[in-house]
Amino acid sequence: MEKTQLEELLSKMSLEDKIAQLLQISGGYYEEDDMLTGPANLYSITEKVVYNLGSVINTIGARQTKSVQKRYLEHSNHKIPLLFMADIINGLKTIFPIPLGLACSFDMVLIKKTAETAAREAAVSGQHVTFSPMVDLVRDARWGRVLESSGEDTFLNCQYASAMVEGYQGESFDSGENIAACVKHFAAYGAAVAGREYNTVDMSERVLREDYLPAYKAAVDAGCEMVMTSFNVVDGIPASANKKLLKDILRGEWGFDKVIISDASAIQEIVAHGVAEDEKEAARLAIEASVDIDMMSPVYVNHLKELIEEGSISEQAIDKAVLRILELKNKFGLFEHPFGAADEEKEKQVILCKEHRTLAREAAAKACVLLKNEGFLPLGETKKIALIGPYADNKDLLGIWAVHGNREDTVTLKTAMEERLPKELLKTAKGSKIVEDTKRIQSFGSIFELEEDYSDKEVLQKEAMEAAKEADCIVLALGEHFLQGGEGGSRGDITIPEPQIQLYRSLKTLGKPIAVLLFNGRPLDLSAIEDADAVLECWFPGTEGGHGIADVLFGTVNPSGKLTMSFPYCTGQVPVYYNELKTGRPYKKEFENTRFGSKYTDIPNEPRYPFGYGLSYTTFTYHNLQLDKNQLNKRDCIHATVEVENTGAYDGEETVQLYIQDCVGSAARPVKELKGFQKVFLKKGEKKQIAFEIKEEMLRFYTASMEYKSEKGRFLIFVGTNSSDCIMCEFELKE
Ligand code: GLC
C-alpha cells in the first residue's frame, strides 16, 4: 500500500478500532477452540477488540500463524492483518549460544550470521518481529538476564547491536527470509540495583549517555524497526512513561519515528511504581510518552477512549501510533499477502537444516572461553576419560530464552564424545544433581515442565568415583540450572551449586587431572574449583553444544573466546568491570599494605578473570607498539601498529584489543576503554603486524558541561590480549 492509502484506511477506522491496534496479547488464545476464554477473561476485553487488535506474541509456525491470521481476518472490521512477534533471542529452532557466550567470539560476521539464520527460520514460521537484540549493558553478575546481553563494554555492545539488527533485517522484508528487530530494554535495565530483578535503576545522565544508551542508538542507527521500553525507572520515571527518554532522546535526538512497544504489562506497572494513581492515568502517561503498543495489558483498550472523549489526550496521538503500526505491517506487504512468508514446505527444508546446525556448532566452539589450562587440554584420543557431572549428558544446553527451541534436538557432550572415542576409552556418570532442590527456581511456571530429580546423592557420587578410578583423566561438566538465570533469575550467591562442589571435592581426592567445563549464564565465583587443571567456560552453548565443545576439547578448534563480562572473585566484589574510574586513591601494588587506598582488605581489586580475557592452546606475544606520530588533531589520525606473534605449538586465532585512556578530562575518565579490536589467525611461529587508526572522534565523551566532545591533552594507548595484559604508549590531542 502507498502511505496515502494507509492514511485513508486510518480515516475510516473507528476510535475503538484504532485503539485495538495498540494492544498485543499472546497468540495462544487464538489457538484455543474457544479463543475468548483467554483475553476476554484475562483482560476483560470484548470479542470486538480481540478480532481487531494489532499484534500477537509467541504464536510460532507457518500452519499456526496462517490459521490464526485467517480466523482473525474473517472477523476483523477492516481486514488489517495481525503482526506476529516472538522472543527469538538465540535462534528459533536452531539454537545458538546465549548472547553472553556468542559475544565472547568477538566475531561480528559470525554474530550477524546467527541472526540471519534465526530470521530465516522465523520468517518461514510466520514471524514478523523478534524481541531482540537485548543490548542492556551489564556489570552485575547477580542479575539473571546478563545471559541475554553482550556484556559490560559499550563499544562491543554497539558492534553486537548493529550486527544483530543487520542480520535479522537484511536489505528488505520482501526476501521472505528477514524479520524486524526490536531492540530492548530501553533503557538501562541491566543496572538494576544489587542485580535484583525488576529493581530500581538510578544513575547520572552522564553515565546513562556515556555507558548505557549507545548500544540502543547503534541498533536504531542500523535501522531497527522497533524499540521496547524497560520495566525500570530512569531518573525516577518508569521508562514507559518517560517523555525525556522516549520523546526527547529516542524520537527527538535520534530521529526514531517507528514503533515503540512496552515490555509485558509495563504500562500497567506504572501504577505499581506509584507514578500513576490508576490505569487510566497510566494510559495517559504512556501514550503521551509515545509508546505505541501496550504489550499484554488492557490499559490502552480500557482507558484511551475515555481520555480522548474527556479531552485529556488528543486523538492525533492515537492516529500517530496506529499509523506507525500500519506502516510496519505494510513493510511486510501484509495487506496484499496477509500470510507473509509463512510456508510449511520451506519450514521443513529450513528448520534445523545441516547448514544451520553447522553454524551452531561453529558458534558453540567460538563462544567457549579457555579460563585455565595447566597443559591438560586439548585431550588426546588415546586416554581413558571419565566424563562426569550433571551436564555430561544433559540436553538442557539451550538457555532459558530458547522458548521455541526443542531440547530433544540438542547434541549432548556425551553424544559428541562417543562419536570420537571407542567405548573402552569413555566412562560417563552424572555424579550429582545440578541443585539441591528446584522449588525457588521452579516458579517459572508451565513453559518448562521440570522433572524433579530424585536421584540418590550417595549413589550418584559412588558411580562417579568408580568411573573416575578407571580413567586417566576427568572431564567434569558442571554449571547452573538453566532456570537459575534469565528473567526472574537473580542470585544473591553466584557460586557453583553445592551438590556439584561436593562432587568436585570428592573427585579431587583421586589425584587425577580434572578439566572443569562450565555451563552457566553468568560470571560465577569459581573459588571452589580454582585448583582444577583446566577450566573451559561453555555457557549454554545451544543445539550443537556437545559437538562444538568436543571440537574444542580435542583440539579440532583452538579456543579463541574472550570474556565480555568480568568474573569476580566472589559475590562481594560485584559489580566489577574493567572500565572503572580512577578514584582519588587509585590502588597501586606498591601501596598494597597501606590502609587508605581504594581496595578491599580480603580480596584483590581486579576480578579473577577480566574483560577481554581468554586463553588459547597456543601463546601470543605482543611487540613493538608504534605510533606514526604522537600528536593528533581533529583533521587527521594516528596509525598505531603492533606485532603479534604465535609463539606456541598450535595455529590459533587471537583477538587483538585496543584500549585508550584519557589521562585528564573535565569529568573523570575510565582507566581504559575498548576502542577497537581485530581478530587475527596466526599459524604456529607466524608473526603479523596489526594496524589501528586513532581518530579524534574516538576520544569524545560527555564533558563537565555535558557537551559530547573531545578535550585536548594526554592519552594512553593500550594494546593487548585482554583488558589487563597490554603494552602501552602515549600521544597528545592538540586541540
Ligand atoms: C518479558 C521480557 C522481554 C520479553 C517480553 C515478551 O517480560 O522482559 O524481554 O521480550 O516479556 O516475552
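Me: How far does a polar side-chain atom of D87 lie from an oxygen atom of the ligand?

Reply: Glad you started there! The model is a predicted one, and in it that separation is 2.5 Å.

Me: How much of the ligand's area does the protein bury?

Reply: The protein buries 91% of the 310 Å² that the ligand exposes when taken alone.

Me: Which residues around the ligand are the closest, and how many surround it?

Reply: The ligand is surrounded by 13 residues, and D87, R145, K184, H185 and D263 are the closest. Sorted by class, this shell holds 7 nonpolar, 1 polar and 5 charged residues.

Me: Let's turn to strands. Is strand β25 largely enclosed or open, and why?

Reply: As a general idea, side chains in a regular strand alternate between the two faces of the sheet. Here, strand β25 (residues 713–720) is largely enclosed by the rest of the structure, because 7 of its 8 residues are buried.

Me: Which strands pair with β25?

Reply: Strand β20 (residues 652–662) runs antiparallel to β25, joined by 6 bridges, with Q657 opposite G720 of β25. Strand β26 (residues 726–733) also pairs with β25 in the antiparallel sense, over 8 bridges. There, L716 has E730 in β26 as its bridge partner.

Me: What joins β25 to β26?

Reply: A hairpin does, through 5 residues.

How values were computed. Residues numbered from 1 in each chain as written. Predicted model: local features only at pLDDT ≥ 70, side-chain atom pairs only at ≥ 80, totals over all residues. Heavy atoms only, no water. Near = heavy atom within 4 Å. Polar contact = N/O pair within 3.5 Å; in protein donor to acceptor, adjacent residues only side chain to side chain. Areas by Shrake-Rupley, 256 points an atom, 1.4 Å probe, with all protein chains shown as cover. Nonpolar A, V, L, I, M, F, W, Y, C, P; charged D, E, K, R; others polar. Buried < 20%, exposed > 50% of the residue type's maximum accessible area, 1.4 Å probe, protein only. Helix = DSSP H or I, 4+ residues; strand = E, 2+ residues; numbered from the N terminus. Pairing = 2+ DSSP bridges.
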